[in-house]
Amino acid sequence: MSDWADLASTALVGTDRRPYPGDLLAAAAVETARRRAGRRPAESGAGEAAPEEEQEPIGRRAAERLARIVGGEYERLLPEWLAGAAATGRRVPPHMLPELLERGRWDRSVRAHLGVLAGRRGRWLAARNPVWTYLLDEPTGETWELGGAADRRAHLRRLRKSDPAEARRLLESTWERETPDDRAAFTEMLADGLSMDDEPFLESALDDRRREVRQEAANLLTRLPESRLSRRMAERARACLTVGPAVILVEPPSGCDRAMERDGIRAKPPRGFGERAWWLQQVIARAPLSMWGEPPESLLARRVPEWDGEVKAGWVRAAVLQRDPAWARAMFAWDPIADLLEALGPGEQQELAAGFTRAHDLDSQLIMVLGGVSPSWREPLASAVLHKIVKVAATQPWNLDELVRLAGERIDPGLAPLAESCSPAPSVQQVAALLRFRAEMFKELT
């Protein structure tokens, strides 16, 4: 290039400022990225050609909005933009690659879709800069046989959703050759389509050398009330709890043997926990909730003279592990933690969160609960949150920043008119502006 600086400037400023040949823009962007990677054109390898792209780039307006987000305008929306762009099957323009690859160094939330969006040129650049090589571990769309670790995980995840038995058979065929990290990741993916057909494989995984594999296998077996692990945990729980008509008597485990550890009970308690209290919570958490034979509200109404907090904390953890909706509802009323919402569908999540928002003051617990509700928020949750913002704006406007951002990022962007009409308060109008920004963003991507 005769005037590299001028071409690089054109590449980085945008695509609608002045005319240019498309291949020259791509070359300038690649050279810009190489220089940011610490290479000079005269160095070894500078003359190597980047591979031709197979994907079409995103549209001009979508690229402009990406530049605005990366430049600091609503930058928390970057993961959402990347997810939406990846769903189109297109790639980001080459002049955005350096910024995105740099951000991915420290922000893991943007990595998941970069393997696809960066295209062949992005991977070519990543292979030439040690600090960008993380990109080579992200999915590209290759198959189980030909792909890297991330591609194989993505393939297994897709297959598990469509044909759980075939996904498990495929995993079994290569299990002994997989790395410990891959075994742990693959085991977690069996949560999709989990059934008793998976029980023999998961039971054998309890003997794996990697602790994360054993722990994830135990978590999944806990969700199968007929599994051998669940039956063993039920026996242990019956030895600990005696449920009477009005009182529950408790005798925590006196020790944690090898068999208990194999079933996922961790022997060493966290700081501040006694050993027996720690073992008791875990036994109750892994015992099938169906074993108690009564609705959770009935059990929660009984008196527990000793170890009351440990028993109920165990039931909270059991509701989370076993994804039991009835228990999740009951335990949320006792201890409203966000993890319990994962057991419920999006509609019920929003219903519980709306009631909690109306009844609860704005504090860190409310933010955590709302953070556990999957987007996009519809009515009545959107209204409950907007009215909470209006109420707090009149008394504690300095305390609103996180709630305003969360509302703007989670409420369905189609509800921007609702936010606009809710109140003229600046904080509410900030939510409306962010919702409009997101609505325009999705329109450009689609």
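**Figure 1. Confidence across the predicted model, from helix H1 to helix H13.** Among the elements of the protein chain, helix H1 (residues 4-13) has the lowest mean pLDDT, 37. Helix H13 (residues 228-240) has the highest, 98. This is a predicted model. Its chain has a mean pLDDT of 88, and 87% of the residues reach 70 or more. Over residues 1-25, pLDDT stays under 50. The model has 32 contacts beyond four places in sequence for that stretch. Residues 40-46 also stay under 50, with 9 such contacts. Where pLDDT is low, the predicted coordinates should not be read in detail.

**Figure 2. The whole chain.** The protein chain holds 24 helices and 2 strands. Of its 446 residues, 48% count as buried. Among contacts with a separation of 6 or more, 64% join residues 24 or more positions apart. The accessible surface comes to about 21700 Å². Carbon and sulfur atoms account for 50% of that surface.

**Figure 3. The buried residues of helix H3.** Helix H3 spans residues 60-70. Ala 62, Ala 63, Arg 65, Leu 66, Ile 69 and Val 70 are buried in this helix. Seen down the axis of H3, these buried residues fall within an arc of 160°, so they line one face of the helix. An α-helix has 3.6 residues a turn, so residues three or four places apart point the same way. The cover over the buried residues of H3 includes helix H4 (78-87), helix H5 (97-106) and helix H24 (426-445). Gly 72 follows H3 and has a positive phi, near 120°.

**Figure 4. His 360 in its loop.** His 360 is found between helix H19 (346-359) and helix H20 (364-371). A polar contact of 3.1 Å joins its side chain to that of Asp 363. Leaving aside residues up to four places away in sequence, His 360 touches Gln 365, Leu 366 and Lys 388.

Conventions: Residues are numbered from 1 along each chain as its sequence is written. This is a predicted model: local features need pLDDT of at least 70, side-chain atom pairs count only at pLDDT 80 or more; totals for chains, interfaces and linings use all residues. Side-chain values use heavy atoms; hydrogens and water are left out. Buried means under 20% relative accessible area, exposed over 50%, partly exposed in between (1.4 Å probe, protein chains only). Helices (H or I, at least four residues) and strands (E, at least two) are DSSP runs, numbered from the N terminus. The arc is that of the directions from the helix axis to the C-beta atoms. Contact means heavy atoms within 4.5 Å. A polar contact is a pair of N or O atoms within 3.5 Å; within protein, one must be able to donate a hydrogen and the other to accept it, and residues adjacent in sequence count only if both atoms are side-chain atoms. pLDDT is the predictor's confidence in each residue, from 0 to 100. Accessible areas come from the Shrake-Rupley method with a 1.4 Å probe; for residues, only the protein chains shown count as cover.
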